[in-house]
Structure formats: structure tokens, C-alpha cells
Amino acid sequence: MHDQALQGEALRFDNSYARLSEALFQRQSPHPVRAPELLRLNRPLAETLGLDPDACSDAEWAEVFAGNRLLPGMEPLAMAYAGHQFGNFVPQLGDGRALLLGEVIGRDGQRRDLQLKGSGRTPFSRGGDGRAALGPVLREYIVSEAMHALGVPSTRALAAVRTGESVMRDRILPGGIVTRVARSHIRVGTFEYFAARRDQDSVRLLADHVIQRHYPDAVEGDNAYLELLRAVARAQAELVAQWLGVGFIHGVMNTDNVSLAGETIDYGPCAFLDAYHPDTVFSSIDQHGRYAFGNQPRIAQWNLARFAECLLPLIDGDEERAIARATEALEANADVLDVAWMGVMRAKLGLQQAEEGDKALVQDLLALMRDQAADYTLAFRGLAEAVGADGPEQAPALLEGFPEPQALTDWLLVWQRRLHAEAQPQASVQATMRARNPRYIPRNHRVEQAIAAAVDDGDLAPFHRLVDVVCDPYTERSAAEYCATPPADHERVTQTFCGT
């Protein structure tokens, strides 16, 4: 280990969470691993954070991103939180296999958390080994970077490391660690942890911290904590609307997986739609479809209600008034989510203006896609070439997804009239649609193939190739077309699994 090189790579840390209160976390050092190997370093993100990727060797970076070596300014800690898991409250969860290393002020002036996931046991491990298998590490890297490239707020992956050690799950698997970057790791469940203990001092401390860090405009209203609720609700509404736009299914929308910063967090049994159906579920642990694709807006509202319950004593000393004001805010947020979703869907259809009847237009298309099991991504991408077409037969890419294309004819005519009313140039509409409808997503079968190659055969080439493709999802190129192809019957993924 070259100390001089690593000392030169000291990041600008300012660990505000670690200064709040010892009640919020447990200080904990990472547990070293035997033979860390750097599998991938996110060079652009590293540079944004203030690192020079070329200043150290891969072996040196592996020591850092495995937790074997701490950089100056790192103050590792395990965060305390609770959570409603599938609707059932668990009063103590916490970082059982993750450590917050600290908060980095990047070259762009933005504050971001740096976290290791899979770094060993903590006081919150609840009997677990605190480690992560390599497969879930690679999944988080692929999908989180894809979401960022798609324009969806998300935690990022800075590095993936193989530990050189094994973990026992359903079988013996190679271990891994992912370094995660986020605007923060404070969750609805963080508030629930202290609210359940009637620790209002910690709830207030957390609320003030979140306001200062993420929603400083909240202090300009007549009730900062009510404004905080509205701001968090708005951020969640906009986030879930974007999930729906790209066909993303989180899979585990428990309250401990709801970031107050409005980012997608915790990529466990997540997946993307192939054939469209609102009831689609991939997660093996979601046996009743609570977190199905089409249920995500409703669950987001349910989770926000749990957050509101934590804030009630801060919103108003009179409980009835507090409940009334929080309820009003959440009811208004249902409209915010609907407006956000319609904004996403209008853009996917090439529409710039809001008109009455647009929601029916979207719903009619989705009904056609559901009835014909059309591929969600390809159907919307194929619509771009149908701009100006007299019928679906003039749009072969669109035709591929609809076994009975004649059923599309009436809908296309309505859509074409709607586009014509806006008088936009055809080329402009098509360019807009191609910029809002990805050609490539991390299709479930491709993700599983990349993971299997790495875990079973030690072959990382499919992983690297897939990351490169999904990080440029809108630009068509022949080398990436394998990621545009829906799965054959024998490739179809029916279940995804939690990384724990």
C-alpha cells in the first residue's frame, strides 16, 4: 500500500450526520477482507467526488473500497432505523451490512454520502453475517447506474469489489462489496425508529437536519415541518412517476427503503417490465403483489403516511389539528403524483402541452399493451417512427410488439390528431420521443446472465459490457442491440431475489 498516493487522494469530508447525536448511529469500523479485488471503478463519478482514478493502482483502490483502508476524514458508522416491511412494523433494523463512511463535498460543491455495503457485521446485523454476495453487488452497480443514465434520481455505484471470501446463502457464493453514493441515506424508517421510542428530541433533530440538507425552502413557510412533509411527498411523487415511465419495479418498497432525499435506494429484487401488465411482480418475497408495478403510487402514499405520523407532534401540539393538516397535505400529493406521471407520459408520446383527454389517451394505449402483452420499452420507442404514419403497418418497429396491430389503428389516429394540433415539426417530435423513450434498459435476463457469468465462471466481460450499454440508453448502436431484445421463452426471468 502506497500511503503517499492515498494521502494525496484525501477527499473533502464534512460529516454532518456524525456530529448530530450518538443516538442516531453506532460507530463501527469495516471488517477487513482477505483478498480484495477491484472489479470496476466508476471513473466519472470518482472525478466528480474529487478522486483521481489514476492516482492509485487497482490494488490500492481495492483496499479502500473493501474497507481494509480508510482515507483521511472517513468516520464509519452504522445508521439506526426501523421500518414497515410488507406493512408490518419492525422497530429495529439499521445498517446490518452497510457503513456510512462519511459525507464528501465534491468538485461540483454537492454533498454526498459515501457508503460501503457488504462491509461486515454491525450492532444492527440481527444475526446476519454483514456481508454481501457478489451477485447483488453487481446487480446494484448495473441497475443504479442505468437509472442515473435514464434520468431517474438514484443512488450511484462508485466501485464494485470482490472480497476473496465466500458467503453462505442458499449455496456458497463469492463475496462482494459495493461503494454507494447518495444525497443521503436518511429514510422514512430512520424517523420511525425514534418516533416508536417516543424520542421526540431525535425526531426534531433529524427533521431539522433533513430540512437544512435537502429542503431549506421549508423554513420559509409558516410551518417548517408541514412544509418538510409536503416537500418529501412531492419528491416521492416525482420519483415514482419516473419509475413508471421507464417500467421499473422496485420490488421492496418498505419504509426503510424510502429515501427522504427522493432517490431510488436499495436495489434488491428490482426489475424492469418486459411485457406490460400493471400487476407484474418479480420479487420472490412479494408473494401477494403488494409492490406490483401498478401498485407503486398507492404504496408511495402509504409510506408517506407513516412519515407523516412521525412528524405529527412537530406539525402541531394539538393532535387533531396535526392529523388534519398532514392528511390535507397527503391528499393533495395524490394529485401531484398524477400530474407528475402524466407529465412523464406526455413526454413519452411527444406531447408538449396538457390537454383534456390526454389521460384517456395514455390509458387506452396501456390497455392495448396489456391486452397484447406488448414490450413496454420497445412499444414506446417504436411509437417515434409512427409519427406521421397513416397506420401501424408503416411503423415496423411498433408492429413487432403487437400481435394484432389492427387494434392500434384507431388509437394511432387519435394520437396523430393530438400531435397535429400542437403543430410541431415531425423531426422535432421524433427527436423528443427518442430522448424520452430508451432503446436499452437493464433487461432482467441480461442482468441475470451477466451475474451468472461473473459468479459461476469468473467472467466479468458480460458485466462490463452491460454497464457500458445501459449507461447510454437512448443512442442506438448495433453493438448494443442485444440489450434491446426481449427475452426468449427460455430466457425469461420470473423471479428476482433480495440480496440479503
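This is a predicted model: local features need pLDDT of at least 70, side-chain atom pairs count only at pLDDT 80 or more; totals for chains, interfaces and linings use all residues.

User: Is Gln236 buried or exposed?
Analyst: A residue counts as buried when its relative accessible area is under 20%. The relative accessible area of Gln236 is 6%, so this residue is buried.

User: How many residues of helix 7 are buried?
Analyst: Helix 7 runs over residues 224–246 and has 23 residues. The helix is mostly covered, and the number of its residues that are buried is 18.

User: How far apart are the end C-alpha atoms of helix 7?
Analyst: The expected span of a helix is 1.5 Å times one less than its number of residues. For the 23 residues of helix 7 this gives 33 Å, which agrees with the distance found between the end C-alpha atoms, 33 Å.

User: Which residue caps the N-terminal end of helix 7, and which residue just after the helix takes a positive phi?
Analyst: At the N-terminal end of helix 7, a side-chain oxygen of the capping residue, Asn223, lies 3.2 Å from the backbone nitrogen of Tyr225. Just after helix 7 there is a residue with a positive phi of about 75°, and that residue is Gly247.

User: Which helix gives the most residues to the lining of the largest cavity?
Analyst: The structure holds one cavity of 30 Å³ or more, and about 70 Å³ of space lies in the largest cavity. Its lining has 13 residues, and those closest to its centre are Gln236, Trp243, Met253, Asn257 and Val258. Helix 7 and helix 8 each supply at least two residues of this lining, but the one that gives the most, with three residues, is helix 7.

User: Where is Phe293 found, and which residues is it in contact with beyond its neighbours within four places in sequence?
Analyst: Phe293 is found in the loop between strand 12 (271–272) and helix 8 (296–315), and at 4% relative accessibility this residue counts as buried. Phe293 and Asp279 are 14 residues apart in sequence, while their C-alpha atoms are 6.0 Å apart in space. Beyond the neighbours within four places in sequence, Phe293 is in contact with Trp243, Leu244, Gly247, Phe248, Ile249, Leu273, Tyr276, His277, Pro278 and Thr280.

User: Which element gives the largest share of the lining of the second largest pocket?
Analyst: The second largest pocket has a volume of about 540 Å³. It is lined by 22 residues, of which the closest to its centre are Gly135, Pro136, Asp170, Leu173 and Phe497. Two or more lining residues come from each of helix 4 (134–149), strand 10 (172–182) and helix 15 (444–457), and the largest share, five residues, comes from helix 15.

User: Which backbone oxygen does the side chain of Arg446 reach?
Analyst: Arg446 has its place in helix 15, and at 14% relative accessibility this residue counts as buried. Leaving aside neighbours within four places in sequence, Arg446 is in contact with Leu466, Tyr482, Thr485 and Glu491. The side chain of Arg446 reaches, at 3.0 Å, the backbone oxygen of Tyr482.

User: What is the phi of Arg198, and what is the phi of Phe86?
Analyst: Most residues other than glycine have a negative phi. Neither is a glycine, yet phi is positive in both: near 55° for Arg198, and for Phe86 about 55°.

Note on methods. Residues are numbered from 1 along each chain as its sequence is written. Side-chain values use heavy atoms; hydrogens and water are left out. Helices (H or I, at least four residues) and strands (E, at least two) are DSSP runs, numbered from the N terminus. Buried means under 20% relative accessible area, exposed over 50%, partly exposed in between (1.4 Å probe, protein chains only). Contact means heavy atoms within 4.5 Å. On a 1 Å grid over the protein atoms alone, a cavity is a set of points where a 1.4 Å probe fits but cannot get out, and a pocket is an open set with protein on both sides within 12 Å along at least five of seven lines; lining residues have an atom within 4 Å of a point. Grid points are joined across faces, edges and corners, and a volume is the space filled by probe spheres set on the points. A polar contact is a pair of N or O atoms within 3.5 Å; within protein, one must be able to donate a hydrogen and the other to accept it, and residues adjacent in sequence count only if both atoms are side-chain atoms.
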